[in-house]
Amino acid sequence: MLDAKWVREHADIVRDAAIRKRLNPEVVDGFMEKDAAYRSLLQEVEGLRAQLKASSSALGKMEAAEREQALQTQRERKAQLKSLEKQEQSLRAEVHALAMLLPMPPAEDVPDGDDDGGNVEISRHGQIPEPDFPLQSHDDLGEALGMIDIKRGVKIAGSRNYLLLGDVARLERAVLNLALDHMFARGFQMVSVPTLVNRACMEGTGYFPGGEEQAYIAERDDLALVGTAEVPLTSIHSGETLEASALPLRRVALSPCYRREAGTYGKDTKGLYRVHQFWKVEQVVLGPADEDWSLQEHQRMLGHAKDLMDLLELPYRVVNVCTGDLGQGQVQKFDIETWMPSRKSYGETHSASRFHDFQTRRLNLRYKPEGGGKPKFCHSLNNTVIASPRVLIALMENHQQKDGSIRIPAALQPYLGGQSQIA
RNA sequence: GGAGAGAUGGCAGAGUGGCCGAAUGCGGCAGCUUGCUAAGCUGUUGAGUCGAUUUGUCGGCUCCGAGGGUUCGAAUCCCUCUCUCUCCGCCA
């Protein structure tokens with residue numbers, strides 16, 4: 001959500017943001033138009049209401065005779081007000097619906113582009129393996145080991161479902177635990193969060209409206225399964241005014257994530273790349289409304305994920321996500337893409353976003369500034385720490401050995417009882 | 001799941017149709033006092049939004065959990081919902 005007052009004065013910037021993000025710029029004009037109409041109607045309604053109020057309080061002190069007369073005109077005005085109020089209400093709803101669609105302007109250094117093809121590589125890390133034997137895909141490796149069973153996953157829950165067994169299941173657990181400890185060491189507080197959340201959380205974090213098709217919705221209870229712990233983590237303090245001294249709030253959660261993957265038929269159908277349910281360790285930070293701070297924190301959060309990838313000895317790159325691939329609310333996003341031999345390419349494994357006050361405005365999440373004054377909206381940021389099974393693809397394929405066994409990076413071994421390979 | 005009670009300003013807590021944006025206390029802020037001293041006294045103190053503005057403010061409207069209704073007029077009466085608490089049942 002954007003500040004309506006600001007939008008009124010900077011419609012051109014918002015329109016430009018919509019164009020850069022490949023969103024429909026007509027929402028901006030629609031908003032401006034409806035908003036102006038709404039405010040002028042509001043003037044009218046409030047004027048009439050003021051009249052009515054004044055004459056109404058006079059009524060209480062009147063003599064019976066003149067009272068009857070006054071009551072009559074009062075009723076007429078009331079009817080008039082009612083119909084105006086009805087218009088005002090529906091207009092207000094329209095304005096709000098449009099406001100929820102306004103795009104956050106992207107940062108200056110976000111590259112222009114239509115889709116992920118326009119993302120710009122910033123850096124590369126690690127060594128892409130070039131072994132003297134043919135590399136197998138993770139699903140072939142896993143099947144041969146008897147530790148990945150996609151067929152039976154599909155039997156139980158339909159396409160894009162899977163089973164992990166034995167050491168690969170333990171490997172998943174190990175990676176997630178390492179990721180959590182990694183974040184504890186960086187001062188993050190662990191939170192165990194609800195993953196079935198109400199509409200306000202989905203709207204507040206920017207997933208609704210627009211992302212309904214992507215979410216599993218429990219209609220009977222009007223709750224949605226989250227696609228990421230970002231949703232509950234960011235929503236924790238919605239509606240609250242925090243003390244400046246409490247900021248920044250750095251939180252990490254491990255949660256299951258659910259995505260319908262609607263509109264991806266036939267895409268990434270092989271293996272564990274695109275699945276309906278997965279685990280993710282997610283970092284979320286809430287801080288003051290300070291652009292510089294926000295920028296630095298974004299880099300710091302990206303660093304946490306990069307450090308972990310280094311510990312896992314995986315080759316990856318960082319990309320500056322282009323405007324067309326940016327969400328409605330994101331100011332800037334950096335993705336980490338990890339090398340996946342079976343795909344012969346880097347595949348997205350992490351996504352680090354900063355939002356300024358886009359989410360916090362929707363969530364009504366504020367703080368009292370240091371030197372006093374009016375509460376301000378916090379800035380919010382989030383980034384993946386690790387997501388599995390997608391990271392298992394990289395781990396299994398990059399660390400496979402000639403005999404089909406998987407080498408365990410040193411950092412993970414303590415989490416697997418000292419085991420140095422899976423065979 | 002059943003029965004009951006409740007939701008009022010930063011907090012506690014009054015308020016059963018116009019005198020209520022809301023008593024009182026605490027807290028906060030400002031000043032005074034400086035031999036009742038980790039105190040006393042006096043004053044002051046909600047938010048949002050729209051408009052005007054000589055940018056100091058001024059005016060309108062809204063807000064007593066949320067949404068609807070009755071009424072000329074609702075914190076107050078009616079309905080629905082959400083949440084909290086107590087008791088019973090069930091459960092991990």
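Colleague: Hi! How many bridges join β9 to strand β10, and which way do they run?
Modeller: Hello! This is a predicted model, and in it ten bridges link β9 to β10 (residues 277-287), with the two strands antiparallel.

Colleague: Nice. How many of the ten residues of β9 are buried?
Modeller: Eight of them, so β9 (residues 249-258) is largely enclosed by the rest of the structure.

Colleague: Switching topic, in what order do the strands of the β5, β6 and β7 sheet come?
Modeller: The order is β5-β7-β6, in an open sheet with antiparallel pairing. β5 (196-198) and β6 (217-218) are the edge strands with a single partner strand each, so one side of each has no neighbour in the sheet.

Colleague: Which residue in β7 is the bridge partner of alanine 218?
Modeller: That's leucine 223. Two bridges join β6 to β7 (residues 223-225).

Colleague: Now helices. How far does α7 reach from its first C-alpha to its last?
Modeller: Helix α7 (residues 166-184) reaches 27 Å over its 19 residues, close to the 27 Å expected. Its buried residues include Val168, Leu171, His182 and Met183.

Colleague: Last one: is alanine 36 buried or exposed?
Modeller: Exposed, because alanine 36 has 12 C-beta neighbours inside 10 Å, and the cut-off for exposed is 12 or fewer. Alanine 36 belongs to helix α3 (residues 26-59).

Key:
Residues are numbered from 1 along each chain as its sequence is written. Chains are lettered from A and ligands numbered from 1 in the order in which they are written. This is a predicted model: local features need pLDDT of at least 70, side-chain atom pairs count only at pLDDT 80 or more; totals for chains, interfaces and linings use all residues. Two strands pair if DSSP finds at least two bridges between them. Helices (H or I, at least four residues) and strands (E, at least two) are DSSP runs, numbered from the N terminus. The expected span of a helix is 1.5 Å times one less than its number of residues. A residue is buried if 20 or more other C-beta atoms lie within 10 Å of its own, exposed if 12 or fewer, and partly exposed in between; C-beta atoms are placed from the backbone.
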